[in-house]
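This briefing is meant for a reader meeting the structure for the first time. Please look over the sequence and the model before reading the points grouped below.

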Amino acid sequence: MYQKIHRHLTLLFTGITSLILITMSISYLYMSEHALSKNSFLSFTSEVNTILSNFEQQSTLTYEWLAKVSSNGKYLIAAYDHDVPLSYTTTALSEKELALVDNIMKNRETLIRSIPPSGMLTSTHKEFTYTSSDKEHYYACYAEIGRTLGNLTVLLLYPAKKLYSQIFYSRICFLVINLSGILLIFLFSWHYTKKLLTPIRLSQQQQADFIAAASHELRTPLSVILSSISALKCAPPAAQGRFLHTIEVESSRMSRLITDLLTLARSDSRSWSFHIKETDLDTLLLNACEAFQPLAAQKQITLHIDLPEESFPACPCDPERISQVFGILISNALSYGYAGGSATLKLSYKKGVFSCYVIDNGIGISKEAKAHIFDRFYRADASRSKKEHFGLGLSIAKEIIESHHGNITVADTPGGGTTFLIQLYVNDKKHKV
């Protein structure tokens, strides 16, 4: 599915961007060609006016003078005296050029519609563009020049091959540039959309893994409950209490798992409700320490608390959620600690930062596991896969602390064990919930 979406997004981005690129290129090319053609035609018109002025002032039209005016072939000049071609016209022009001139002269009424009639000693002329039958382009000027010795008709042609070659070269350059640009856009779009879809693919994979893990965790107590119910139906009254106890334990386990799943679901949907108020963190730690003293005594683990002697401000947080985090970390410390070991709760404050430590000297966490310890349903190895733990507690703790814009990290305890550090901020506005 993602490969199909990847291809479609690549083609969509490439198509839209290429369309914009081609549209802008064509617009620029049109404007530049229009300006180039206009300037070239104006230059031709200016030179024609000078040439026609020389025609008016010249009393005798010699072959040498006409050859000089033609700039050695730059212009094709055909001159007629009362529609009779002068000798220069028939001598200097080639058969192809004569055919071209004759075709224009025959169709001059169609090509030249608005030239006014000429009078004595006056000149009238009309400039226009002309394309021959073999697709060659020319600038043309048809002029009727009034002279004392009689009217003279002059046709000047300027081959625009250089201009149109320049335009054609520009179009080829733009074509190559656009094709190269489209190729680069395609390659960029391919890599960009792949990178764009990567978080979505990972998110879906994580969601699928989460559902699979949750289903597995729910299936285990449910299977035990169902098997206990089946055994209960056939068991004698004296043995029924044992099966009822198993059903009660597994139901409680399933209830805890469902509660954790709902907590994470509310976190994912950003529907958690937080009640932020000024809270004394030392009081929360003391309450948490007292609440877990019986469990610590049962596991033969000494639970210490280390609070600073100096006074410090209250912390803006949700006390119930932060207490939940303390409970998760203390429960982990007691679950994975050794009998005869210890766990320490420590609080410090410096420069607007509260630092809460939960330190144990238990089995510790490997370096590889630290990178995933806050992932959902992650348990490093069999020794940490206690039946009462589902690998969700630390995920919930992380979600709560990050919702408070704080930090939670894990490190090794010197001498063995694990240290969790929670940092909450009080003065820096950007760290307030």
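This is a predicted model: local features need pLDDT of at least 70, side-chain atom pairs count only at pLDDT 80 or more; totals for chains, interfaces and linings use all residues.

In what follows, a contact means that heavy atoms lie within 4.5 Å.

**Nonpolar cores**

- The largest nonpolar core holds 45 residues, and those that touch the most other members are Leu-281, Ile-322, Phe-326, Leu-329, Phe-354, Ile-422 and Leu-424.
- Helix 9, which runs over residues 319-335, gives the most to this core, contributing eight residues.
- Leu-329, one of the residues named above, touches Val-358, Leu-394, Ile-408, Phe-420 and Ile-422 when residues up to four places away in sequence are not counted.
- Apart from this core there is a second, separate one of 21 residues, which includes Val-48, Trp-65, Tyr-75 and Leu-152.

**Cysteines**

- The structure holds zero disulfides, a term that requires two cysteine sulfur atoms within 2.5 Å.
- For Cys-315, the closest cysteine sulfur belongs to Cys-317 and lies 4.3 Å from its own sulfur, which is too far for a bond.

**Positive phi outside glycine**

- Lys-351 is not a glycine, and yet it has a positive phi of about 50 degrees.
- This lysine, Lys-351, is found in the loop between strand 9 (342-350) and strand 10 (353-360), where Lys-351 is exposed, with a relative accessible area of 75%.
- His-405, although it is not a glycine either, has a positive phi of about 60 degrees.
- The loop that holds His-405 lies between helix 11 (393-403) and strand 11 (407-412), and His-405 is partly exposed there, at a relative accessible area of 38%.

**Salt bridges**

- Side chains of opposite charge can pair when their charged atoms come close.
- The count of salt bridges in this model comes to seven.
- One of them joins the side chains of Lys-96 and Asp-134, with a distance of 3.3 Å from N to O.
- That pair links distant parts of the chain, because Lys-96 sits in helix 4 (residues 95-106) while Asp-134 sits in the loop between strand 3 (123-131) and strand 4 (137-145), 38 residues apart.
- Of these two residues, Lys-96 is exposed, with a relative accessible area of 52%, and Asp-134 counts as partly exposed at 37% relative accessibility.
- Lys-96 also forms a salt bridge with Glu-136, and here the closest N and O atoms are 3.4 Å apart.
- Since Glu-136 lies in the loop between strand 3 and strand 4, and Lys-96 in helix 4, this pair ties together parts that are 40 residues apart in sequence.
- Glu-136 counts as partly exposed, at 32% relative accessibility, and together Lys-96, Asp-134 and Glu-136 are linked in a network of salt bridges.
- Elsewhere, Asp-412 forms a salt bridge with Lys-370, the closest N and O atoms being 2.6 Å apart.
- This pair likewise links distant parts of the chain, with Asp-412 in strand 11 and Lys-370 in helix 10 (residues 367-370), 42 residues apart.
- At 46% relative accessibility, Asp-412 counts as partly exposed.

Terms used:
Residues are numbered from 1 along each chain as its sequence is written. Side-chain values use heavy atoms; hydrogens and water are left out. A nonpolar core is a set of buried Ala, Val, Leu, Ile, Met, Phe, Trp, Tyr and Cys residues joined through side-chain atoms within 4.5 Å. Buried means under 20% relative accessible area, exposed over 50%, partly exposed in between (1.4 Å probe, protein chains only). Helices (H or I, at least four residues) and strands (E, at least two) are DSSP runs, numbered from the N terminus. A salt bridge is a side-chain nitrogen of Lys or Arg within 4 Å of a carboxyl oxygen of Asp or Glu.
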